Amino acid sequence: MIPILEKLSGFYNSYVLAILTIGYILGELGHYLIGVTSKQTAIELDYGDHACQQNNSMFNRHELPTQCSAVGNESSCYALDFNGTGYCEWNYNGLGIDYQILAGPTFILIFTIAGVFMGFAADKYNRVKMLTVCTVIFGIAMILQGTVKEYWQLVLLRMVMAAGESGCNPLATGIMSDIFPEDKRALVMAIFNWGIYGGYGIAFPVGRYITKLNFWDLGWRVCYLGAGVLTVIVAGLTGTTLREPERKAIGEGDRQTASGKPVSLWQVIKSPAMIMLMIAASIRHCGGMTFAYNADLYYNTYFPDVDLGWWLFGVTIGIGSVGVVVGGIVSDKIVAKMGIRSRAFVLAVSQLIATLPAFGSVYFDPLWAMITLGLSYFFAEMWFGIVFAIVVEIVPLRVRSSTIGVFLFVMNNIGGNLPILVDPVAKVLGYRGSIMIFYAGFYGISSILFFITCFLLDGKTAEDSVEPESPKSHPDAVLNARHMHGHDNSVFSVDETLPSNGRPAQLPQHLQMSSNGYDKSAQQAPPSARQNGAESSRL
């Protein structure tokens, strides 16, 4: 660590959170920029669908006799005019199956597969060094995206960017869980994981307005070049100013099987609580990804004469940030009284409240669409940090990062790839109807699934359980006992005779029945037997 930071050690944890979050924001900015620049990118690289689009800002869409989007062929598109002035053009609109593949599966495929390997590596190797390398990789990939000449080159570089960014969450989550206490964990995870929405929100003004400024006649390419350079700088700060923290056991997840073997990754993943949490998170993620990939294109399609770039930025960054912080604080406060189960309950309630205004954000005209979007965002964005606070609290230390990698693999493969169905469904129900289903509708479904998850999680806090429960009959069954605080009296043996008089020693009343289940007669066994019995009772 740089010497000057040693003098500011009291702020070190906050500094780490800031660096990790900024890096994640830049990675997600590169991820979501394609959704804002897609039309300009498609025109240059020749991919996606053609459509009739309004190209004249002199007219309000309410004044026009026929909407451009209502025309399905090129000749009819150019035939439309208002007072002798044509107001439509036939051009790439940035949508289509090529775009959906580029935005979703191309990125998600590599992101999720690489994320699993990153998770396993994070449990064994230096996380700060790995994170530095990952950040450099996706930073350089973003810079190169600003130089592409063909569609396939953009696809390939998004894959490379995904491989680098895949390490951000499991590596950073492991680092943060080791330096922040439990009473701040959900808030810290929420702030970090807000980087997804921070990067997404910043993508609106960056993709729209920097592209329009057309610096050095590079248009949309400057967005990727600038973001990539900043990312490489953050990678340098990560590698030179952060130190690898000591790995700590936390929460109820640090346990062993009844046979004394460490809990395996498979045992963690196949537990009902983890399965339901992954399904619920996947469905919620699909709703978020659907809106993220389609928001700018949706509002440009239905409200071409209204510039909503700064509105979308303000709602995402401003209101979304407040929701993230509030969600983390509420979750941390409630969990102190009700246990981990309360985190899932907060998730269920917040997503339920967010569902109705989410429908409004794609139903109303621009003003009320932005108002309802803001209301939805306030509650909807509570979810990500709380989900990962639950994960790190129910997962053993030795498989924590690898579990996060698997969790992200499942969540992103389901939630990140389902939005590809927006295009075929839109051709049947219309673009608006398709967005309503996969965006707002999936918010509501996730609320129900999070509520079910509540009943699969333990309702008590770690401090409430200081005695181990009896092991289950199956030799590899996972003990329900959580991390022990203080001493386990069953590991101590007491001499049966006092050396001074040879009389039997009288055990204190609270030790006459040991916590390993043996009665007082067992104390007459030979010393070696007593010692072995004591050791076998250790968790």
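A disulfide is a pair of cysteine sulfur atoms within 2.5 Å. The model discussed here is predicted.

Q: Why is the link between Cys-68 and Cys-88 called a disulfide?
A: The two sulfur atoms lie 2.0 Å apart. The cut-off is 2.5 Å, and the pair is therefore counted as a disulfide.

Q: What makes the Cys-68 and Cys-88 disulfide left-handed or right-handed?
A: The torsion about its S-S bond decides the matter: the value is about -85°, so the disulfide is left-handed. Cys-68 sits in the loop between strand 1 and helix 3, while Cys-88 belongs to strand 4 (residues 88–92), so the bond ties together parts that are 20 residues apart in sequence. Both Cys-68 and Cys-88 are buried.

Q: How many disulfides does the structure hold, and which cysteine does Cys-52 pair with?
A: There are two disulfides. Cys-52 is bonded to Cys-77, with a sulfur separation of 2.1 Å. This distance is within 2.5 Å, so the pair meets the definition.

Q: What is the handedness of the disulfide of Cys-52 and Cys-77, and where in the chain do its two cysteines lie?
A: Its S-S torsion is about 85°, so this disulfide is right-handed. Cys-52 lies in strand 1 (residues 50–54) and Cys-77 in helix 3 (residues 74–79); the pair is 25 residues apart and links distant parts of the chain.

Q: Are Cys-52 and Cys-77 buried or exposed?
A: The relative accessible area of Cys-52 is 5%, and that of Cys-77 is 0%. Buried means under 20%, so each residue qualifies as buried.

Q: What is the pairing of the bonded cysteines in sequence order?
A: When the bonded cysteines of the protein chain are numbered in sequence order, the pattern is 1-3, 2-4.

Q: Why is Cys-168 placed in no disulfide?
A: The nearest cysteine sulfur to Cys-168 is that of Cys-134, 6.7 Å away. A disulfide requires sulfur atoms within 2.5 Å, so Cys-168 is in none. Cys-168 has a relative accessibility of 4% and counts as buried.

Q: What makes helix 17 an enclosed element?
A: Of its 12 residues, 12 are buried, so helix 17 is largely enclosed by the rest of the structure. The buried residues include Trp-383, Phe-388 and Glu-393.

Q: Why is Asn-294 called buried, and what is it in contact with?
A: Asn-294, found in helix 13, has a relative accessibility of 1%. The limit is 20%, so Asn-294 is buried. Apart from neighbours within four places in sequence, Asn-294 is in contact with Leu-95, Gln-100, Val-422, Tyr-431 and Ile-435.

Q: Which residues and elements line the largest pocket?
A: The largest pocket has a volume of about 1,400 Å³. Its lining comprises 48 residues, with Gln-53, Leu-297, Asn-300, Thr-301 and Pro-304 nearest the centre. Elements that give two or more residues include helix 2 (12–45), strand 1 and helix 10 (195–213). Helix 13 supplies the largest share, six residues. By class, the lining has 15 nonpolar, 21 polar and 12 charged residues.

Definitions and conventions:
Residues numbered from 1 in each chain as written. Predicted model: local features only at pLDDT ≥ 70, side-chain atom pairs only at ≥ 80, totals over all residues. Heavy atoms only, no water. Helix = DSSP H or I, 4+ residues; strand = E, 2+ residues; numbered from the N terminus. Buried < 20%, exposed > 50% of the residue type's maximum accessible area, 1.4 Å probe, protein only. 1 Å grid on protein atoms, 1.4 Å probe; cavity = no way out; pocket = protein on both sides within 12 Å on 5 of 7 lines; lining within 4 Å. Points joined across faces, edges and corners; volume = space filled by probe spheres on them. Nonpolar A, V, L, I, M, F, W, Y, C, P; charged D, E, K, R; others polar. Contact = heavy atoms within 4.5 Å.
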